[in-house]
Structures are given as C-alpha cells and as structure tokens.
Amino acid sequence: MSRRFRPLPLPLVLAGVLVAAVSLAADDDLSRHVAEGRRSGYTFLLPPTRAQQNDEFANPGMLWVEQGQRLWSGTPASAKSCFGCHDDASRSMRGVAARYPAFDPAERRLVNLEQRINSCRVKNQHAKPFAYESQELLALTAFVSRQSLGLPVAVKIDGSATASFERGRAAYYLPRGQLDMSCAACHEERTGARLRGEVIS
C-alpha cells in the first residue's frame, strides 16, 4: 500500500530553518563548560541541539520558564506571592538551584529544589503543595533554576549531607538488572561513546 506524501506544516518548516540557521551561528567554544576535569552535559550535545537550547525562541523548555515566571508573581489564596518575599528572582534566586539537593535542618533530611519550593509554599504561603511532577511545580522549578544558568554546581556533600552522598555513591557503582551494569559502567567507562542516537555524558 503506497503512502501519499504530506508536506510538513509551514510552522514546522520555518522552525527547522530557524534551528538550522542558529546552529550555524552557535558558539562552538565549550571550554567555559569544563572545570577541574568535569564536563557539563551540555558539551555532549550535538551542535544543532545546543543551538536549539541556546535559542530562547526555539527551546521548548522556555514555555515552562514563562509559566513559572507568572506563578512567581501570582498570589495563592490568602498568601503572599513568591515575589512578595523574595522580590526579583534574578537577584534573590541566583545560585540557589546550583546548591540543591541540600540538607534541610528543619526537615532533618536531604531535599531537592522541588521539595524546597513546596515546603516554602506550605510554611510561608499557607497553600497546598503542588503535586510532584505537576505542570505548576515543573514550571516554578524551571523558572528558579533558570536564574542559576551558567553557574557551577555547588552542592555540599559534607556534614549532615555526607550519609546521603555515600548512599548515592554506593548506588551509582552498584551493578544491577539483567545486564548487571552500574551507572558508572556507562557514565565513566564509556563516556563519549554512543548509545543509539545519544552520546553518553
């Protein structure tokens, strides 16, 4: 049975042309994404994907950032907005995402950024926490994370966080599953190799 050719919708064609054009102008100097022998996952992306990520118009993740910006300024029932306490996120949230996960003394456990946002929402805004992986929580997390763009990860692994770090280290090197492979088997021993269409970071 033959299939009839269907041309792509014009918006998709234009988007493809835009991404291709941006990729030609993309900055190929990746040295600023390498520090102390560690490479950002960004350096493993192909040039067209890096160009799409760099372009705020083409990057689909910016849809969540924009929604998060609206939530930042919005006010839940009977509470202040995030802006009401933290003011301009570009100043108050700069570097915050780079420090998570972090040990929370009040919770007496390690929390990630999403859990910290929900904790602030409950304690300070007196509002219900967002469901995990909900559009709202993803958006607000994306917006807060955006304020730390380009900053190095600065997660503390000493003090109260040590036990959690050591559990994570043990899990990372533990062979498991039908193939009896650990995370390190790919991400350390085969860094730079291909797994189907992706380069292993």
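Predicted model: local features only at pLDDT ≥ 70, side-chain atom pairs only at ≥ 80, totals over all residues.

Me: Where is Asp87 found?
Reply: Asp87 has a phi near 60°, which is positive even though the residue isn't a glycine. As for its place in the chain, look past helix 4 (82-86): Asp87 sits in the loop between helix 4 and helix 5.

Me: Is Asp180 buried or exposed?
Reply: Asp180 is another non-glycine residue with a positive phi, about 50°. You'll find Asp180 in the loop between helix 8 (162-173) and helix 9 (183-187). Exposed means over 50% relative accessible area. Asp180 has 52% relative accessibility, so it counts as exposed.

Me: And what is the peptide bond from Tyr100 to Pro101, cis or trans?
Reply: Start with the location: Pro101 is in the loop between helix 5 (89-92) and strand 3 (102-104). The omega of the bond from Tyr100 to Pro101 is near 5°, and the bond is cis.

Me: How is helix 3 oriented relative to helix 7?
Reply: The axes of helix 3 (residues 62-73) and helix 7 (residues 135-146) come within 7 Å and cross at roughly 95°. Angles from 65 to 115 degrees count as roughly perpendicular. So helix 3 is, relative to helix 7, roughly perpendicular.

Me: How many residues of the contact of helix 3 with helix 7 are nonpolar?
Reply: Helix 3 contributes residues including Met62, Val65 and Leu71, while Leu138, Phe143 and Val144 are among those from helix 7. In that contact, four residues are polar, two are charged, and the nonpolar ones number 11.

Key:
Residues numbered from 1 in each chain as written. Heavy atoms only, no water. Helix = DSSP H or I, 4+ residues; strand = E, 2+ residues; numbered from the N terminus. Buried < 20%, exposed > 50% of the residue type's maximum accessible area, 1.4 Å probe, protein only. Axes fitted to C-alpha atoms, helices over the stretch in contact; angles between N-to-C directions. Parallel < 35°, antiparallel > 145°, perpendicular 65-115°, else oblique. Contact = heavy atoms within 4.5 Å. Nonpolar A, V, L, I, M, F, W, Y, C, P; charged D, E, K, R; others polar.
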